[in-house]
Amino acid sequence: MIRSSAAEMATALAKGEVTSVALTQLHLDRIVSVDKDVHAFLHIDTEGALAQASAVDAKRAKGEKLSPLAGVPLALKDVLAQKGVPTTCGSKILEGWRPPYDSTVVANLKKNDIVILGKTNMDEFAMGSSTENSAYGPTHNPWDLSRIPGGSGGGSAASLAAFEAPLAIGTDTGGSIRQPAAVTGTVGVKPTYGGVSRYGLVAFSSSLDQAGPCARTVLDTALLHEAIAGHDPRDATSINAPVPQVVAAAKSGDVKGMKIGVVKELNGDGYQPGVRARFEESLELLAKAGAEIVEVSCPNFEYALAAYYLIAPSECSSNLARFDAMRYGLRVGDVDGASAEEVMNLTREVGFGREVKRRIILGTYALSSGYYDAYYGSAQKVRTLITQDFTSAFAKADVLVSPTCPTTAFKIGEKSNDPLAMYLNDIATIPVNMAGIGGMSLPSGLADEDGLPVGFQIMSPVMKDERMYSVGAALEAALLSKWGAPILSKAPALGGVA
Amino acid sequence: MSLTYEDVVSKYEPVLGLEVHVELNTNSKMFCGCSTTFGAEPNTQTCPVCLALPGALPVVNEKAIESTIKIGLALNCSIAPFSRFARKNYFYPDMPKNFQISQYDEPICVNGYVDVEIETDEGPKKFRVEVERVHMEEDTGKSLHVGGATGRIHGAEYSLLDYNRAGIPLVEIVTKIVPGTGKYAPEVAKAYVAELRDILRSLGVSDVKMEQGSLRCDANVSLRLIGAEKLGTRSETKNVNSLRSVERAVRGEMIRHAELLNKGERVVQETRHFQEESGLTRSGRSKEQAEDYRYFPEPDLVPVEPDAAWIEELRAQLPERPSVHRKRLQEEWTVPDKEMAAMINADLLDTVEATVILGSDPTKARSWWLGEISRIANEQNVSVKELAITPTDVAEIVALVAKGELTDKLARQVVEGVIAGEGKPAAVIAARGIKVVNDDSALMAAIEKACAEQPETADKVRNGHLPAAGALIGAIMKETKGQADAARVRELLLSFLGQA
């Protein structure tokens, strides 16, 4: 049962073949047996999840009309506020904090009766590509426990690949949903910026952050997408427009006559051979399904990474200023005679990890008077140019595609002392955040050289998210018939349990 | 060796710059739905947004934008079709996010002016104060530093924080530099703040109570030698909590700067705090090293792009300008210039107007407020507005006098009673047993008694020596405990003595 898709679980629930309590318990048991190896979860809310599940069962027993995913369990990235449940963002500085309110994403999940199992591990404040920057220890890739599960949302992706949950919520600032999906053989979507409310999402970089759905199939992702998306008056950047019809698109999976643009700059040098091979193969399958493959050029993508590492740290240097020990979270050095300033300094010294400090320092510098124009100002101009690149590319193609990341999962510790090498992992995902458009990663197979999952990225214009679901569903169907079974069936068994 | 003000202005030219912060009277805060009621229990008007809990996001209060546009229009500003909020980053415990959302290089209103008129040696003179910008921001929380001598954070044992004020909408109105006021700089500063306050009040966008901090003025002052081009170093005086203090603060800073400059010392660029008791300023934070606020556009908010038609709609709804309003009142009430000026200086125009609106004769209303009531306020060393008497009370008293139910003298007793806290006029009249004696038979008895007691005086009157009646009237008034209408007494007395 736990290896089924969320849609299949929902059907079984609707037919009365299983209760939500039983389904939830199955997943909680699975977590108990494998999470000591995977470490996808920071907090398991056994009581809360079972209470929520039994409430859904009661509603179903009364014959109430329920939402499509009612009763299906989900893993929540620990960057979203959930009332009464510890929310740490993978940081020591928030240890013990229990939000007094629900983020809009969580409120929407509850409204849809989706059962929240617990909070998943992440790079501290979503800063990282490997989940090694979590203050609570790394998450391990279920494909190979010595490897990273991607980041920052490594916990959410790993929980799916380890069958600890059929659904998960991630957040994506520069690739934190898509890159973990790619390296774990799962599906992850970053919706259009403003498509899903950011209220209650602890901010890393406000203009780039976007919460989105993660699952093992395109359809499951679409179902979750529709459950969490929509305008929210509490988020001024939330788009006031109908939610794109992504479920319908995922169900039809029709790409006949669609133009698929291959971004010239997001391929070639620096991309692992197995990654390129799987990408080419996917293009052929899409062409066979009736799509037209064209090449597009986005010359300014070259500067995306540099601009990103000015904008995101700048915003984070300001967003993280609120962690000052005054109102919540960690407080260090509050002894007789210590001033507020001393307590703030000590708390931040102890509470933040190295990568977070690195980015705060970088951002503080980039915003400083005298440097602002050269750094933050120029980065914003690059951002405009990247958006223009997308606009002209989308004039030639309905969606754009690329490999999600240049390589498969690397070893834990391999890049931790080389931040620049780590940053390069997000080279193909970052432009999407810079322009605020939608992006999806789905598995395109295993690299021949290491047998690890490879991700295929689909990018769609602002609020045309349904397009990437159509293409994703078409590719997924073609690959499935080629492989004969879902890619995760090839993953090794965990801790001796299948 | 202390300089006189005349010494200062004969040598130096003052240059002013005024920054006024106005708390808007919106029901909810700038970026969340919390209530803005003044004086609530600490930390009861807070939510995830204004406490800056992780994940919370600001949303702009539309009413605050509307109020700010109204202010901009009333100050003759252009309204920007595109403006933005920015983050002003600095750490302080009373600022929950450790940045303030404010407008920086893209404010909502720019380039306006306010005309003020002041009395000069050559009669009334108009000055134009140019407004550089009007922008929106949020207020901080309040810190209470306990222990330590100064009430400042340094030396305090501990501090209490109240976040009820955090996020209250603030509008900042910044003037361009104001040169050319010469020795009238203090008066111009005061007149500008007064005019601004009247404009804001007429717009209904703020309580404009300086003593409660809903209108706060920072006065920038610098001096340069008369004829010099280059501006001197300025100081910025904060904590100026009344119109009178604005004037005193500017005058005080001019003298302080001049004394330093005369000694060959330099003025330090700093903020200073005005001290109400001494009228002097005390050194605050040095601004010699400009703080780096690392401003950048607030990514959690979208730009403000008000619809042109909406702006025109707001423009069409602007109330009468206070200066025009004053002119109209002066004509309607036929008040001489000097008395009008007195009323404005005493800050009683609105009070008199309220009394007139309640039906009082303008001259009577004015004479009560500026006469008897002001006199009592002076005696008690408080402002008229702090007294317990209201325009409603005065209008009622004026009406009773007009109906003949009170004499002027009795009315004064009623006013005294109301101010003394004895209640509303009717209650004072009842409690004190104040009543005009207009029963002729009671008066006649007193008249007969007086004439019987002073037969010689009565004879003088009978023989046509009318001034002698005064002594008799005095006795009659005494007999009736002053409650008789003196005119009626005289009429009856003369008739009794065959002289009417």
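This is a predicted model: local features need pLDDT of at least 70, side-chain atom pairs count only at pLDDT 80 or more; totals for chains, interfaces and linings use all residues.

## Pro93(B) and its surroundings

Leaving aside neighbours within four places in sequence, Pro93(B) is in contact with Met326(A) and Ala340(A) and also with Ser143(B), Ser159(B) and Leu161(B). Pro93(B) is found in the loop that runs between β3 (86-89) and β4 (99-102) of chain B, and Pro93(B) counts as buried because it has 20 C-beta neighbours inside 10 Å. Although Pro93(B) and Val116(B) are 23 residues apart in sequence, their C-alpha atoms are 40 Å apart in space.

## The contact between the chains

Taken as a whole, the contact between the chains involves 33 residues of chain A and 26 residues of chain B. On the side of chain A that touches chain B, at least two residues each come from α10 (304-319), α11 (340-351) and α12 (354-367) of chain A, and α10(A) gives the most, with 3 residues. Sorted by class, this side of chain A has 16 nonpolar, 10 polar and 7 charged residues.

## Packing of α10(A) against α12(A)

Two of these helices also pack within chain A: the axes of α10(A) and α12(A) come within 7 Å and cross at roughly 100°, so that α10(A) and α12(A) are roughly perpendicular to each other. From α10(A), the residues that meet α12(A) are Leu310(A), Pro313(A), Ser314(A), Glu315(A), Cys316(A) and Ser317(A), and their counterparts in α12(A) are Arg359(A), Ile360(A), Leu362(A), Gly363(A), Thr364(A), Ala366(A) and Leu367(A). The residues of this contact divide into 7 nonpolar, 4 polar and 2 charged.

## Helix pairs in chain B

In chain B, helix α8 (residues 349-357) and helix α9 (residues 362-380) pack at an angle of about 140°, with their axes 9 Å apart, and α8(B) and α9(B) are therefore oblique to each other. Their crossing is right-handed. Thr351(B), Val352(B), Thr355(B) and Val356(B) make the contact on the α8(B) side, while Pro362(B), Ala365(B), Arg366(B) and Trp369(B) make it on the α9(B) side; by class, these residues divide into 5 nonpolar, 2 polar and 1 charged.

A further pair is formed by helix α10 (residues 391-402) of chain B and helix α11 (residues 408-419) of chain B, whose axes come within 10 Å and cross at roughly 160°. The two helices are therefore roughly antiparallel, and α10(B) passes α11(B) in a right-handed crossing. Asp393(B), Ile397(B) and Val401(B) of α10(B) meet Asp408(B), Ala411(B), Val414(B), Val415(B) and Val418(B) of α11(B), a set that divides into 6 nonpolar, no polar and 2 charged residues.

## Nonpolar cores

The largest nonpolar core holds 231 residues, of which Leu74(A), Ala189(B) and Tyr192(B) touch the most other members. Helix α3 (residues 185-203) of chain B gives the most to this core, with 9 residues. A second, separate core of 24 residues includes Val356(B), Ala365(B), Ile373(B) and Ile389(B). Returning to Ala189(B), and not counting residues up to four places away in sequence, Ala189(B) touches Leu16(B), Leu18(B), Ala219(B), Val246(B), Glu247(B) and Val250(B).

Most residues other than glycine have a negative phi, and most peptide bonds are trans. Against that background, the peptide bond from Gly151(A) to Ser152(A) is cis, with omega near 10°. Gly151(A) lies in the loop between β3 (115-120) and α5 (154-161) of chain A, and Ser152(A) is found in the loop between β3 and α5 of chain A as well. Gly151(A) is buried, because 32 other C-beta atoms lie within 10 Å. Not counting residues up to four places away in sequence, Gly151(A) touches Met122(A), Asp123(A), Gly128(A), Ser129(A), Ser130(A), Thr131(A), Ser176(A) and Pro180(A). The C-alpha atoms of Gly151(A) and Val183(A) are separated by 9.6 Å, with the two residues 32 apart along the chain.

Phe125(A), which lies in the loop between β3 and α5 of chain A, has a positive phi near 50° while being a residue other than glycine, and Phe125(A) counts as buried, with 32 C-beta neighbours inside 10 Å. In chain B, Val208(B) has a positive phi of about 40° although Val208(B) is not a glycine. Val208(B) is placed in the loop between α3 and β10 (215-225) of chain B, and Val208(B) counts as buried, with 20 C-beta neighbours inside 10 Å.

Terms used:
Residues are numbered from 1 along each chain as its sequence is written. Chains are lettered from A and ligands numbered from 1 in the order in which they are written. Axes are lines fitted to C-alpha atoms, for helices over the stretch in contact, and angles run from 0 to 180 degrees between N-to-C directions. Helices (H or I, at least four residues) and strands (E, at least two) are DSSP runs, numbered from the N terminus. Angles under 35 degrees count as roughly parallel, over 145 as roughly antiparallel, 65 to 115 as roughly perpendicular and the rest as oblique. A crossing is left-handed if the near helix is turned anticlockwise from the far one by less than a right angle, and right-handed if clockwise. Two residues are in contact if their C-beta atoms, placed from the backbone, lie within 7 Å. Ala, Val, Leu, Ile, Met, Phe, Trp, Tyr, Cys and Pro count as nonpolar, Asp, Glu, Lys and Arg as charged, and the others, Gly among them, as polar. A nonpolar core is a set of buried Ala, Val, Leu, Ile, Met, Phe, Trp, Tyr and Cys residues joined through C-beta atoms within 7 Å. A residue is buried if 20 or more other C-beta atoms lie within 10 Å of its own, exposed if 12 or fewer, and partly exposed in between; C-beta atoms are placed from the backbone.
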